[in-house]
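These are my notebook entries on one structure. I record what I looked up and how each term was defined.

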Amino acid sequence: MLSLELRDLTKRYNRRRVFQGLNARMQGGESMVVTGPNGSGKSTLLRLVCGLVRPTGGQVVVTVGDRALSPIEARDHLGLVAPDLALYGELSGLENLRFFARVRGLRVAEEDLQGLLRQVGLEGRDDDMVAAYSSGMRQRLKYAFALLHRPSLLALDEPGTNLDDAGRAMMAQVIARQKAAGGMLVLATNDPQEVSFGDQVLRLGP
Amino acid sequence: MGIRFSVWALEAWAVLAKDLQSEFRTWYALNALLMFAVTTLTMVSFSIGQFAVNSAVLAALFWVVLFFSAMSGLARAFIREEESGTIQALRLAADPNVVFIGKLAFNLVLLALLELVVVPLFVAFMGMGVANVGLFFAVLLVGSLGLVGASTIIAAIIAKARAKGALFTVLSFPVLLPLLVTAIRGTKLALEGSALADGMPELRLLASYLVVMVTASLLLFPYVWNE
């Protein structure tokens, strides 16, 4: 089973301290909501968890059983939805998923990719270029990208961004399935409705 | 080991196929490469085309046109990922070395397409006669591989910088200088009709440059990619 531990985690950008000495521990089936004012480091923390930025001090430790994974190994177990994560506009939604499946070394049947697009509410838009998608549709496609490899840890940064009511229902369903499957969930949000998805709350900032 | 290599090859092929698909839909890098090459070639041809130019000058001009055309387009493989914000998704999904090999192969295809245009145009516009065609293409092949090997890792390094275009050329020039000098010497020999054996020292040097550059890039790239 996967577990995540933040050990005395510190992040600075040049001289500006984002946060210092964060400690937290999570296991499968648990969920954590990260809240705090703008600029308090919520998105940075999620990027640290996903290995996209390096900590200034401390460690993010992802372990399977007793074995600590390297940041590159850990990425096979992580899925991220974030506002600044973009998919290829000149490819269709289906082509994007097909590419990311191949580059991850996954053998995913075409019907499964289409099923994933259906799950996030993009049925019938498989072959449309992502550049022609609305911002809400792009957000839905990010969910499909994050779920493609069935990650044990799902990191959602401002997960309801640009989503309509149906999109928020899809998001709630994704979160419920992740919990039901014994996966972990880390959400960065200030939306009171989304805060309720977490078992524990980590508040950043003053 | 064999299985791991074939998995790597398949994943790198996926990166190459995606980049080619994107490129042929947008002509993002090819436009820049071809426009620069044709413009430079036309200017060179108009300015010195009427003079009798010796093989050393022709060989130098040929590689200068190739170098600057390559500089205008080869960096885009990484810059595009950075500017469009897709680099994060790619970093989350792909092994760094797979990305490097995929991008290297993509740049190689771009340079091959560029050479398909530049070589015949250069021969036509500048009246370049190639006496030893075999040596000419051998130098062109190994030199192009080295050019792509060096420019791909430099493109990855400068992708996050602000003045990307200027930085790319400035950083590439000293790294590529030994390759360019050797390739020019080899091309001159080919134009003059020297035997393949006479060009072997240049070919060996170019091949050594290629091996060193690609090996160093594979070792360095994961740090560049994950930083």
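Which residues are buried in α1(A)? I found Lys42(A), Thr44(A), Leu45(A), Leu46(A), Leu48(A) and Val49(A) to be buried there. Here, buried means under 20% relative accessible area, exposed means over 50%, and partly exposed lies in between, with a 1.4 Å probe and protein chains only. Helix α1 covers residues 42-49 of chain A, and 6 of its 8 residues are buried, so I noted the helix as mostly covered. I also noted that α1(A) is followed by Gly51(A), whose phi is positive, near 75°.

**Conventions.** I am working with a predicted model, in which local features need pLDDT of at least 70 and side-chain atom pairs count only at pLDDT 80 or more, while totals for chains, interfaces and linings use all residues. Residues are numbered from 1 along each chain as its sequence is written, chains are lettered from A and ligands numbered from 1 in the order in which they are written, and side-chain values use heavy atoms, with hydrogens and water left out.

**Chain A as a whole.** I counted 7 helices and 9 strands in chain A; helices (H or I, at least four residues) and strands (E, at least two) are DSSP runs, numbered from the N terminus. The radius of gyration of chain A is 17 Å, close to the 17 Å given by the globule rule for 206 residues, so the chain is as compact as a globular protein of that length. That radius is taken over C-alpha atoms, and the rule is 2.2 Å times the number of residues to the power 0.38. The C-alpha atoms fill a box of roughly 45 × 35 × 35 Å along the principal axes. Of the 206 residues, 52% count as buried.

**Thr44(A).** I returned to helix α1 of chain A, where Thr44(A) has its place. Thr44(A) is buried, with a relative accessible area of 11%. Which residues does Thr44(A) contact, leaving aside its neighbours within four places in sequence? I listed Lys11(A), Tyr13(A), Val18(A), Phe19(A) and Val53(A). Contact means heavy atoms within 4.5 Å.

Arg54(A) is in the loop between α1 and β4 (57-64) of chain A. Is Arg54(A) buried or partly exposed? I recorded Arg54(A) as partly exposed, at a relative accessible area of 40%. Leaving aside its neighbours within four places in sequence, Arg54(A) is in contact with Lys11(A) and Leu48(A), and also with Tyr223(B), Asn226(B) and Glu227(B). I then looked up the interface: 25 residues of chain A are in contact with 25 residues of chain B. The two chains bury about 2300 Å² between them, 57% of it on carbon and sulfur atoms. Buried area is the accessible area (1.4 Å probe) that two parts lose on being put together, summed over both. In chain A, Leu52(A), Glu90(A) and Val103(A) lose the most area to chain B, together 25% of what that side buries.

**Positive phi values.** Most residues other than glycine have a negative phi. I noted Asn14(A), with a positive phi of about 55° although it is not a glycine. Asn14(A) is in the loop between β1 (2-13) and β2 (16-27), and at 80% relative accessibility it counts as exposed. Asn162(A) has a positive phi of about 65° and lies in the loop between β7 (153-157) and α6 (165-180). At 48% relative accessibility, Asn162(A) counts as partly exposed.
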